[in-house]
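Q: I'm new to this one. Please take me through it, starting with any terms I need.

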Amino acid sequence: MKIKRIIKWSALAIFLALGAWLFVAYWRSTNDCDRKTALINPTKAIVYCEYGSPDVLKFEDVEKPVPTDNQVLIKVRAASLNALDAYMIRDAWLNRLIFGLRKPRDTRLGRDVAGQVEAVGKNVTQFKPGDEVFGICRGSLAEYAVTLERALVMKPTNVTFEQAASIPLAGLTALQGLREGKIQPGQKVLINGATGGVGTFAVQIAKSLGAEVTAVCSTRNVDLVRSIGADHVIDYTKEDFTESEQRYDVIFDNVCNHSFAERRRVLNPRGICILAGMGGAGVKGGEAIGRIASNIFTARGLSSFTDQKFAPYMTKMSKQDLIVLGELIQAGKVRPVIERTYTLNDAPEALRHLDQGHARGKLVITVGEESR
């Protein structure tokens, strides 16, 4: 009985401590939207003060950022949207746990950036004012943004700012995922979800590695994937690739909308299925969480008991990989697919389009005087 009481009171203590932590965390998770102060060096940016739909995005004045000793200040010329941007603003319990229980702590949106170096911190050695760069930062949907030196590389001279801005997250996701597949020349590779930002890069990178590429897309995108090098195309509105007699050495699954058994059926005995995503920005709430959980847990279990491998991974910032992507584009082996460009003040409209889940390639935000 004594042990039971100890367990009971311990559980109660843990419950109360967790409740207290949640209460404090809830009220401390705020942002600076309500703390308006006079701006010394105003500049334009997209901000969001509450969770919700793209309607919560605002185009307004903010204080121009100042780089720390290890940072670079960028005059943004272009940025691009990713599924992450659509997820971050949603009013979902997982978002609140990660980004702020009551309000989003970070009110700035955008990760992909391309522009010119405006200023550098005293410890920065690789860049100087005027350099044209691209890479990853926080809050790239703005006229100015700061990021660490290691998150940037020089922009190839024959690549536009708009093209460079479309590369970072989508390109890194495709490159690092295909690397998990250990692709060899002549292997059969299937790209499921071939026409979004990640998919269009994956088709072209797989081709550059010498693979025979099959792209899965809808009817309206058949010509697009053929134009970027797909050897074969499967229209998912007419055919389910998991019911085909064809077998693949590598499946780059950017959608994860089939069961593990279905995908195993079309994998070669020692094939690899790369779990690259869960369907892009159009996948909502619980469905996205379910696909993520399945990728993490079920995949690892299956890979332990079969020669067929299911490989989940996390995209990582890599300066060297950004350089590789820039070289592929400079050499003409990869061509960024940009569906449409928007000005900075039209970023909410661009995010609405992305959130519908049918964007073709990348949506790019151009930044400049015309955005005011």
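A: Helix axes come up soon: an axis is a line fitted to C-alpha atoms, for helices over the stretch in contact, and angles run from 0 to 180 degrees between N-to-C directions. This is a predicted model, in which local features need pLDDT of at least 70, side-chain atom pairs count only at pLDDT 80 or more, and totals for chains, interfaces and linings use all residues. Residues are numbered from 1 along each chain as its sequence is written, and side-chain values use heavy atoms, with hydrogens and water left out.

Q: OK. How many helices and strands are there in the chain?

A: The chain has eleven helices and 15 strands. These are DSSP runs numbered from the N terminus, helices being H or I with at least four residues and strands E with at least two.

Q: And what share of the residues is buried?

A: Of the 372 residues in the chain, 51% are buried. Buried means under 20% relative accessible area, exposed means over 50%, and partly exposed is in between (1.4 Å probe, protein chains only).

Q: What share of the contacts is between residues 24 or more positions apart?

A: Among contacts in the chain with a separation of 6 or more, 68% are between residues 24 or more positions apart. Contact here means heavy atoms within 4.5 Å.

Q: Back to those axes. At what angle do α5 and α10 cross?

A: At roughly 100 degrees, with the axes of α5 and α10 (residues 319-330) coming within 10 Å. That makes α5 roughly perpendicular to α10. The cut-offs are under 35 degrees for roughly parallel, over 145 for roughly antiparallel, 65 to 115 for roughly perpendicular, and oblique for the rest.

Q: Which residues make that contact?

A: On the α5 side they are P168, G171, L172, L175, Q176 and R179, and on the α10 side D321, L322, V324 and L325.

Q: How do α5 and α6 cross, then?

A: The axes of α5 (residues 168-180) and α6 (residues 197-208) come within 8 Å and cross at roughly 45 degrees. So α5 is oblique to α6. From α5, A170, G171, T173, A174, L175 and L178 take part, and from α6, G197, V198, F201, A202, I205 and A206.

Q: Take V198. Buried or exposed?

A: V198, in helix α6, is buried, with a relative accessible area of 16%. Apart from neighbours within four places in sequence, V198 is in contact with A170, T173, A174, F252 and N254. V198 and N254 are 56 residues apart along the chain, and their C-alpha atoms are separated by 7.7 Å.

Q: New topic. Where is Q308?

A: Q308 is in the loop between α9 (285-303) and β13 (309-312). Its relative accessibility is 7%, so Q308 counts as buried.

Q: What does its side chain make a polar contact with?

A: The side chain of Q308 makes one with the side chain of R264, at 2.7 Å. A polar contact is a pair of N or O atoms within 3.5 Å; within protein, one must be able to donate a hydrogen and the other to accept it, and residues adjacent in sequence count only if both atoms are side-chain atoms. A polar atom of the Q308 side chain also lies 3.1 Å from the backbone oxygen of L267.

Q: And D231, what is in contact with that one?

A: Leaving aside neighbours within four places in sequence, D231 is in contact with K207, A211, E212 and V213. The D231 side chain makes a polar contact with the K207 side chain (3.1 Å). D231 is in the loop between α7 (222-227) and β10 (232-235) and counts as partly exposed, at 38% relative accessibility.

Q: Last topic, backbone angles. What is phi of K182?

A: Near 50 degrees, a positive value in a residue other than glycine. Most residues other than glycine have a negative phi. K182 lies in the loop between α5 and β8 (188-192) and is exposed, at 58% relative accessible area.

Q: And what about C256?

A: C256 is not a glycine either, and has a positive phi of about 60 degrees. C256 sits in the loop between β11 (248-253) and α8 (260-265), and counts as buried at 7% relative accessibility.
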